[in-house]
Amino acid sequence: MKRTSHITELREIITMERSRGRKIALVPTMGYLHRGHLALVERAKQTGAFIVLSIFVNPLQFGPNEDYSRYPRDLERDSNLVKAAGVDALFHPTSEEMYPRPIVTYVEVGQLDTVLCGAMRPGHFRGVATVVIKLFNIVQPDLAFFGQKDYQQYLVIRRMVSDLNLPIEVCPVAIVREEDGLALSSRNVFLTSEQRQEAKVLSQSLNEAETCLRAGERSARVIEEQLRDRISRQCHGIIDYAEVRDAEDLSEVTIIERPVLIALAVKFGSTRLIDNKIMEVDPHV
Ligand code: AMP
């Protein structure tokens, strides 16, 4: 596996592979890798492309009171993991490499960034879209892989690629979970054992919502009430949001008739967890 923190060196590596006819796949991450990230690598490997995995904790997407400085980092462990997983090149730039001077040019994906995590974290998706388009320009991938764990992020990137005519196929990958249902996240290491126990209520409440929908419930408000009720009864977490939204454009939903995103964000102390489920409705139920 090639490994570099320099843009020029990475570009040389990629140019060489491209000249051999290889397609290039990009897997952007913030590191402290787990099986969720490795699922993206697995999917990328299936395409036969040359896989570039980036690790960069992007300061631009963290708010002033968020966890940028304490975000977990372990480059050596990550490097061993991705090497074993079959990544071809690991790109781990410093902040100075990515932002040699204060950035004044941003990409903003309107509408999608005003709800859910966008409403709770002003500027977050602007930071995400901006660093992702920088990574796209550096790597010029044919394919890019994003987890549905961050479903809103996936929609933002998909829309940016479409609006700006970027010749990149954006590939979504299903959420990878612990045995008890908790979605894997680098931030899970911050949970106390009590919080870790309680955190399974996120996936449990999503499963309950799914059962309700399958049984014929079509009111988005009823589903949201049930989610809130269960979460507040079964854990000490503070709900940031628990919402049913249109799965394509995140618009508000009253009666569920099309695929919906059921999305949660819950704070356990200073650790904020998100989870979601996409649900299709059977028009005959
Ligand atoms: P992060 O390092 O948290 O920025 O995540 C990098 C990529 O991995 C994003 O596309 C995430 O959606 C994806 N990812 C993170 N956790 C999971 C998970 N549990 N299942 C699937 N994808 C994930």
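**Salt bridges, a ligand shell and a buried aspartate**

Glu 76 and Arg 3 are joined by a salt bridge, with 2.9 Å between the closest N and O atoms; a salt bridge here is a side-chain nitrogen of Lys or Arg within 4 Å of a carboxyl oxygen of Asp or Glu. Glu 76 sits in helix α3 (residues 75-85) and Arg 3 in strand β1 (residues 2-4), so this pair ties together parts that are 73 residues apart in sequence. Helices (H or I, at least four residues) and strands (E, at least two) are DSSP runs, numbered from the N terminus. The model is predicted, and local features need pLDDT of at least 70, side-chain atom pairs count only at pLDDT 80 or more, while totals for chains, interfaces and linings use all residues. Residues are numbered from 1 along each chain as its sequence is written, and side-chain values use heavy atoms, with hydrogens and water left out.

In total, the structure holds 23 salt bridges. One of them pairs Glu 42 with Lys 45, whose closest N and O atoms are 4.0 Å apart. Glu 42 and Lys 45 both belong to helix α2 (residues 35-46), where three residues, about one turn of the helix, separate them. Glu 42 is partly exposed at 41%, and Lys 45 is partly exposed at 38%.

Another salt bridge brings together the side chains of Arg 196 and Asp 180, at 2.9 Å from N to O. This pair links distant parts of the chain, 16 residues apart: Arg 196 is in helix α8 (residues 193-198), and Asp 180 is in the loop between β6 (169-173) and α8. Arg 196 is partly exposed, with a relative accessible area of 23%, and Asp 180 is also partly exposed, at 28%. Elsewhere, salt bridges with shared partners join Glu 17, Arg 20 and Arg 22 into one network.

Attention now turns to the ligand. It is surrounded by 18 residues, of which the closest are Met 30, His 37, Gly 147, Asp 150 and Val 176; a residue is near a molecule if one of its heavy atoms lies within 4 Å of it. A backbone N or O atom of Met 30 lies 2.9 Å from an oxygen atom of the ligand, and a backbone N or O atom of Gly 147 likewise lies 2.9 Å from a ligand oxygen. For Val 176, a polar backbone atom is 2.9 Å from a nitrogen atom of the ligand. Taken alone, the ligand exposes 480 Å², and the protein buries 93% of that (areas by the Shrake-Rupley method with a 1.4 Å probe; for residues, only the protein chains shown count as cover).

The elements giving two or more residues to the shell around the ligand are β2 (24-29), α2 and β5 (143-147). Among these, α2 gives the most, with three residues.

A last stop is Asp 240, which is placed in strand β7 (residues 238-246). Asp 240 counts as buried, at 17% relative accessibility. Asp 240 and Cys 117 are 123 residues apart in sequence, and their C-alpha atoms are 8.7 Å apart in space.

Key. Buried means under 20% relative accessible area, exposed over 50%, partly exposed in between (1.4 Å probe, protein chains only). A polar contact is a pair of N or O atoms within 3.5 Å; within protein, one must be able to donate a hydrogen and the other to accept it, and residues adjacent in sequence count only if both atoms are side-chain atoms.
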